[in-house]
Amino acid sequence: MGAAGALGWRRLLLLLLQAVHRAAGARPCSPKYFGRDAMVCVCNATYCDTLDPVVLPAPGTYVKYESSKAGKRLERSEGSFQRSLHAPDLVLTVDTTQRYQKVKGFGGSITDAAATNIFSLPETAQDHLLRSYFSEEGLEYNLVRLPMASCDFSLHAYTYDDIPFDYELTHFSLRDEDTKLKIPLLHRASAMSKRPLSLYASPWTSPAWMKTSESFVGKGTLKGQAGDKYHKTWANYFVRFLDEYAKHNLTFWAVTAENEPTAGLINNYPFQCLGFTAEHQRDFIARDLGPTLANSSHRDVQLIILDDNRLHLPHWAKVVLENEEAARYIHGIGIHWYLDFIGPIQDTVVPTHELFPDYFILATEACIGAHFWERDVILGCWERGNQYSHSILTNLNHFVVGWTDWNLALDLEGGPNWVKNYVDSPIIVDTSEGIFYKQPMFYHMGHFSKFIPEGSQRVGLVASKESKKTELEYTAFLRPDGTVVVVVLNRSPQNITFGLADTVGLIAAVAPASSIQTYLWQQQ
């Protein structure tokens, strides 16, 4: 073949390689600023930033993903381990002989509001949003929480059987919010996800006719007591919900016994709730919900108690789990983050894990903007990303098996929400423009969800003794494929030099000011 022919082939090969790279290559953030350092990544019908599927580095090398207030968003780089090197003062050493909890996963919630916002976008933008969360070019979420009927993030209050005194639940039926919004989104998310999705459902309120308050809102519990027709009907309602979703080819990993059971004990509570004390939840599970699930075709669906602020631990767990009749039906404990500042993890989660090591503890809800003193939506706020990562790291380092964000997507106001209880979200949709913004919180979530798959086990990560006072926060996991993952958060305004040590060698590292990094390497 002549020189010209060879050149032609080379050019064709180059073009082909470029085409393949364009199809598979990560696409960078399209930035938009809302003030200094307040950056979001903009997605629309024709463009959205993407990531490449995670490719493990060759032995002896590592890969690093970095996001920072300065503007990096899950930026990938590679490096090599050093065999010997002047070690920095702070060295974090991975110790895989120390083994802790196994991970269930990370994800968010498909509320009526989230689904409404996603469907407000042009169809290709909807796909970009779902792929951003669930696909290999996104965060690879594997947990999805679903309200059982309405919650405050609905356009109105409803349950699946609002016909009074229908103890047989003959009028039970899913609503348009399920069949036209939530269910189609779950099918689309599932189809683009490489990892199997674990769905779990939580009720906010029972039908009003079952309640002492005769209302969806305000202080109120189930009428009567455990074992009676109200409690039996409410237990059957769970089974009917699972039955109806199964007809749509959706099965659930778990249900929680009630979202925030203590909310319904508060006078004038502003949105859907159903009050239970720990004792009432124990008796309802022992006499009604537990046996009803066990005798149904959904006996493999796991049951999660509490699903409320961790402040109630270890008391709630003791009351419910020290009762053998209730405990035999229960698998885990759900915690919300809203009062973490008055319930330190060492006083709540840790003693609960020590008392009941066979029950998993899962973070089931968190969002920023819920407190009256917080602004609802702050576009591009790095500090809110920090709050997510700080919570996730603190939880993972204290036996929690996963972390679930609240709404997957909200509008510019932080809704819709029928009681105007607006909050922030990792994705904010501008419905009028057909675009959405990926916030710092979104990328902070990704530093965990994309790299720590279900089945990963937390291992030791030990700081050299000179540096017990470091501002860095960190955790380490061993994945099922044998890869080590280390996440390092620097919330301080200074760069921090440190080393990462393993049997492979040492990584000379720097955590830039206001940054989060995820390191991956193969153990030898």
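S514 counts as buried, at 12% relative accessibility. Buried here means under 20% relative accessible area, exposed means over 50%, and partly exposed is in between, with a 1.4 Å probe and protein chains only. The model is predicted, so to speak of local features we need pLDDT of at least 70, side-chain atom pairs count only at pLDDT 80 or more, and totals for chains, interfaces and linings use all residues. Residues are numbered from 1 along each chain as its sequence is written, and side-chain values use heavy atoms, leaving out hydrogens and water.

Back to S514. This residue is found in the loop between β21 (505-511) and β22 (515-522). The helix and strand names are DSSP runs numbered from the N terminus: helices are H or I with at least four residues, strands are E with at least two. S514 has a positive phi of about 45 degrees, although it is not a glycine. Most residues other than glycine have a negative phi, and most peptide bonds are trans.

E140 is another non-glycine with a positive phi, of about 55 degrees. Where is E140 placed? In the loop between α3 (123-134) and β7. E140 is buried, with a relative accessible area of 8%.

Now the cis peptide bonds. One joins L313 and P314, with omega of about 0 degrees. P314 lies in the loop between β10 (302-309) and α7 (315-321). A cis bond also joins G415 and P416, again with omega of about 0 degrees. P416 lies in the loop between β14 and β15.

That loop also holds K420; here β14 is 410-411 and β15 is 427-430. K420 is exposed, with a relative accessible area of 62%. From C-alpha to C-alpha, K420 and T352 are 35 Å apart in space, and they are 68 residues apart in sequence.

Next, the barrel. Which strands close into a barrel, and in what order? Eight strands do, in the order β6-β7-β8-β9-β10-β11-β12-β13, and the pairing is parallel. From one strand to the next the twist averages 25 degrees. Two strands pair if DSSP finds at least two bridges between them. Strands of a sheet pair through backbone hydrogen bonds, either parallel or antiparallel.

Take β7 as an example. Strand β6 (residues 105-109) runs parallel to β7 and is joined to it by three bridges, with S109 opposite R145 in β7. Six bridges join β7 to β8, also parallel; the bridge partner of L146 in β8 is A201. Six of the six residues of β7 are buried, so the strand is largely enclosed by the rest of the structure. L143, R145 and P147 point one way from β7, while V144, L146 and M148 point the other way. In a regular strand the side chains alternate between the two faces of the sheet.

Helices lie across the strands. Helix α5 (residues 229-247) lies across β7 (143-148), β8 (198-203) and β9 (254-256), at about 125 degrees to β7. Helix α9 lies across β11, β12 and β13 (400-407), at about 145 degrees to β12. These angles run from 0 to 180 degrees between N-to-C directions, with axes as lines fitted to C-alpha atoms, for helices over the stretch in contact; contact means heavy atoms within 4.5 Å.

Strand β12 (residues 360-365) pairs with β11 in the parallel sense over five bridges, and G334 has L362 in β12 as its bridge partner. F341 is exposed, with a relative accessible area of 52%.

Last, the open sheet. Five strands form it, in the order β1-β2-β16-β15-β14, with mixed pairing. The edge strands are β1 (31-33) and β14, and each pairs on one side only. Helix α11 (residues 440-449) packs on this sheet and touches β2 (39-43), β15 and β16; the helix direction makes about 55 degrees with that of β16. Four bridges join β15 to strand β16 (residues 435-438), and the two run antiparallel. I427 stands opposite K438 in β16.
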